[in-house]
Amino acid sequence: MSKKIIALITSAIILLLTVVGVSFVFQKHALDYDRHLTADVYVDTAINQNVNLVFYKTGCPYCQAGKKAVVTTAKESAYPTFYIDVESDKGQQLVKQYQVEKAATIITLRNGESQLYLYARKTQAGKITANTKNIKEAFND
């Protein structure tokens with residue numbers, strides 16, 4: 001085989017591995033949460049603004065159960081929603097600041113007052129589901 005064919009095959013393999021690698025990383029680590037409104041951004045904004053803080057933890061079954069309803073309803077809110085990973089350093093700061101005890105929590109800040117809502121719950125049958133009543137109440141405030 002000529003050097004051109006070997007170079008072409010090598011380039012094709014590298015390109016394929018790059019595409020597969022990027023796809024894997026994106027699927028593994030990308031969330032449906034709005035990546036622009038995170039704990040890092042929130043910490044840098046004024047504290048007394050009217051905002052929603054959605055706390056979550058990767059792998060939390062309660063967070064997963066409520067995620068779709070939270071993300072969908074948050075888009076309809078009149079206030080910006082920040083997604084806070086409780087396992088991040090800044091997320092831990094906010095967990096302490098707002099005394100968040102469970103990852104699947106929404107904190108609404110309105111005119112300097114905060115209100116806490118759990119956005120998922122376990123039913124009497126033991127199934128974990130979104131707490132749609134709390135989600136609607138939090139985002140329609």
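Close-up 1. Helix α3 covers residues 61-74; helices (H or I, at least four residues) and strands (E, at least two) are DSSP runs, numbered from the N terminus. Its 14 residues, at 1.5 Å a residue, should span 20 Å, and the end C-alpha atoms are 20 Å apart, so the two values agree. The expected span is 1.5 Å times one less than the number of residues in the helix. A kink of about 45 degrees is centred on K67, the bend being the angle between axes fitted to the seven residues ending at a residue and the seven starting there. This is a predicted model, in which local features need pLDDT of at least 70, side-chain atom pairs count only at pLDDT 80 or more, and totals for chains, interfaces and linings use all residues. Residues are numbered from 1 along each chain as its sequence is written, and side-chain values use heavy atoms, with hydrogens and water left out.

**Close-up 2. Buried residues of α3 and what covers them.** C63, G66, K67, V70, V71, T73 and A74 are the buried residues of α3 (buried: under 20% relative accessible area; exposed: over 50%; partly exposed: in between; 1.4 Å probe, protein chains only). Their cover includes β1, β2, β3, β5, β6 and α5.

**Close-up 3. N134 in helix α5.** N134 lies in α5, residues 132-139, and counts as buried because its relative accessibility is 18%. Its side chain reaches the backbone oxygen of L118 at 2.9 Å. Leaving aside residues up to four places away in sequence, N134 touches Y117 and L118 (contact: heavy atoms within 4.5 Å).

**Close-up 4. Q99 in a loop.** Q99 lies between α4 and β3 and is exposed, with a relative accessible area of 62%. The C-alpha atoms of Q99 and L116 are separated by 9.4 Å.

Notes. A polar contact is a pair of N or O atoms within 3.5 Å; within protein, one must be able to donate a hydrogen and the other to accept it, and residues adjacent in sequence count only if both atoms are side-chain atoms.
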